[in-house]
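Hi,

Here is the structure I said I would pass on. Have a look at it first, and then read on for what turned up in it.

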Amino acid sequence: MRNSDGGSERTLNPETPLPARDTVGLYTVLGVDQRATPVELKRAYRRLALQHHPDRNPGAAADGRNFVRIQYAYDVLSDERKRRIYDRYGEMGVQMAGRVGGELLDPQVSNMLSGFAFVSSLVALLFVIFFAVLAQRVDRRINWPYSVVFTPLWAVDLAIMIVVAWALLKRAMAGFDSTQGNTEAAAASSSSSSSYATTDDEDAVSDDHDGPINAANAGTGASESPSAFGSAPATDATPLLDGASPSYSSSSSSNSARRRRRSRRRHHHPRLRNLRKFVQTQLACLAKAAPIAYLLLLVLFQVSIVLKLDGHVNWSVWRVAVPWLGIEAIHGLLLTLQLLAAILKASEGAAAAPTARQLLAVSLDTYWWLFIRVLQVVLVLLRLNHSISWHWALVFAPSYLPALRTIVTLCLLRKQLRAMGDAEVSQNEGAIVLASVVAFVIAASFVYSFVALLIWKLSLPSAIRLALVLVPVFIALAILCCLCTCLSCCLAYGMHAPLDDERDVESNSPNNNNDNNDASMPFIPSSRRIE
């Protein structure tokens, strides 16, 4: 049976259980199809809301419940994000969307994360293939040229180039659309301002004469604005009640606060303000160009390694490492501009300039990882170029510093937790510290076992094969590949049960007394039903 709007009106059996994931119940409440447009949803909602409004039927309790249900259905289906979640997960998904982690229930977010996890698993698999072929080539099991060995890396570089090109094209299209929109808005505003100029002038004149008038001056017809005097005098004719304030007090206080802010800004040195603007502009430009520069230098670095290993060029290791050092130089410039912008902003907003101790602490925290990486690369290049004759264990000494810093940080944090008086907070923070310790131990076991095997290989090249040195790398990449694959499958299929089985509950029910045309529709209990 069909109603006037095309929706189905059926006598439903309240004893039939509701399916575990009902994704059509709210559409049935409004009497619309799942493919209904927002206009159709609004039309159906208005018709049913007028029909079941409690004011029209004061004595009918069922109409009140139906009206609440209609309002809830329209609130969910009129919201684009909630509707996507409801179409996939039902009402339980809508209820869970407001909790922590509920953003993952949005199909757009889950699909994006699923795609990212899938691409990450493919990248991890390509790295596994690359390291496996590289180990066979270094151990002289195969005689392929290094240009062929690096084929998986070429594939990863190509994928990154496609992603960067797509992002740049999308940014350019967005900028074009925003420019066009701004042009149209400016044209519309100019036309509207010219057409309403006379009206605005008249309104301004009327506003000047419609200001608050003191009762003391009401008899004389004076209409002076109180803002010109700062505040109105409290006379016997205009008593100020307790808890009341003149209508102009808030504007007066805001004007005085604005004047104080202007005076503070005037006292700042103009060169400092101009320098901060210049630094922020250069930082924004460099941040936009940095990803492209990173990608190009990385590809050039890989090409230099291949040319050196295949014997096509007779470059030194320093010349081969120039692209990598260029990457680090760009990153260091970015960090410097960010640090300088932060210091200038803090100096402009604070009453006193930052102290030398604060600047030193911020600088060390900013350049920590850059210093470790550059120092490690320089020591390795010096050792490969035979400029120093240190043992390889000493050459890799900078790689031990991050672990030492992490251990010291965890110990200090644990000490602070023991000094806290709140037991509950200390227990919660202690659980976080314990999880951090476990994560650190797992990560350090992979990293430093690889470093130890690599030192062994470099010190005694014939004592161990490169395939054994790369065992920790293979294990870590395999775990990453498995986790990303499982995450992608869970996000794509794990929480999306087949809807056809749910819709067949009614047709397989022994209490089914409906016609065959409505057999595939889910049942709705009486508390959710509009009769």
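Let's start with a pair of helices. Helix α4 (residues 80-89) packs against helix α6 (residues 107-138) at an angle of about 70°, and their axes are 8 Å apart. Two packed helices are described by the angle between their axes and the distance between the axes. The axes here are lines fitted to C-alpha atoms, for helices over the stretch in contact, and the angles run from 0 to 180 degrees between N-to-C directions. The two helices are therefore roughly perpendicular to each other (angles under 35 degrees count as roughly parallel, over 145 as roughly antiparallel, 65 to 115 as roughly perpendicular and the rest as oblique).

Which residues of α4 and α6 meet? From α4 they are Arg-84, Ile-85, Arg-88 and Tyr-89, and from α6 they are Pro-107, Gln-108, Ser-110 and Asn-111 (contact means heavy atoms within 4.5 Å). By class, this contact of α4 with α6 has three nonpolar, three polar and two charged residues (Ala, Val, Leu, Ile, Met, Phe, Trp, Tyr, Cys and Pro count as nonpolar, Asp, Glu, Lys and Arg as charged, and the others, Gly among them, as polar).

Before going further, a word on where all this comes from. This is a predicted model, so to speak of a local feature we need pLDDT of at least 70, side-chain atom pairs count only at pLDDT 80 or more, and totals for chains, interfaces and linings use all residues. Residues are numbered from 1 along each chain as its sequence is written, and side-chain values use heavy atoms, with hydrogens and water left out.

Now the whole chain. It has 21 helices and zero strands (helices, H or I with at least four residues, and strands, E with at least two, are DSSP runs numbered from the N terminus). Of its 531 residues, 28% count as buried (buried means under 20% relative accessible area, exposed over 50%, partly exposed in between, with a 1.4 Å probe and protein chains only). Taking contacts between residues at least 6 apart in sequence, 59% join residues at least 24 apart.

In the loop between α6 and α7 (146-149) you will find Arg-140. Arg-140 has a positive phi, near 65°, and is not a glycine. At 69% relative accessibility, Arg-140 counts as exposed.

Next, α12. This helix (residues 270-309) has 40 residues and reaches 55 Å from its first C-alpha to its last, close to the 58 Å expected at 1.5 Å a residue (the expected span is 1.5 Å times one less than the number of residues). Where is the kink in α12? Look at Ala-290, shortly before Pro-291, where the kink is about 40° (the bend at a residue is the angle between axes fitted to the seven residues ending there and the seven starting there). Just after α12, Gly-311 takes a positive phi of about 80°.

The buried residues of α12 include Leu-283, Leu-286, Ala-290 and Phe-301. Arg-276 is buried too, with a relative accessible area of 16%. Leaving aside neighbours within four places in sequence, Arg-276 is in contact with Leu-344, Lys-345 and Glu-348. Arg-273 is also found in α12, and at 27% relative accessibility Arg-273 counts as partly exposed.

Last stop, α15. It has 29 residues and reaches 39 Å from first C-alpha to last, close to the expected 42 Å. At Tyr-367, α15 bends by about 50°. Among the buried residues in α15 are Trp-368, Leu-370 and Ile-372. Beyond its neighbours within four places in sequence, Gln-376 is in contact with Val-395, Phe-396, Ala-397, Pro-398 and Ser-399.

After α15 comes His-386, with a positive phi near 60°. His-386 lies in the loop between α15 (356-384) and α16 (392-395), and at 67% relative accessibility His-386 counts as exposed.

Happy exploring!
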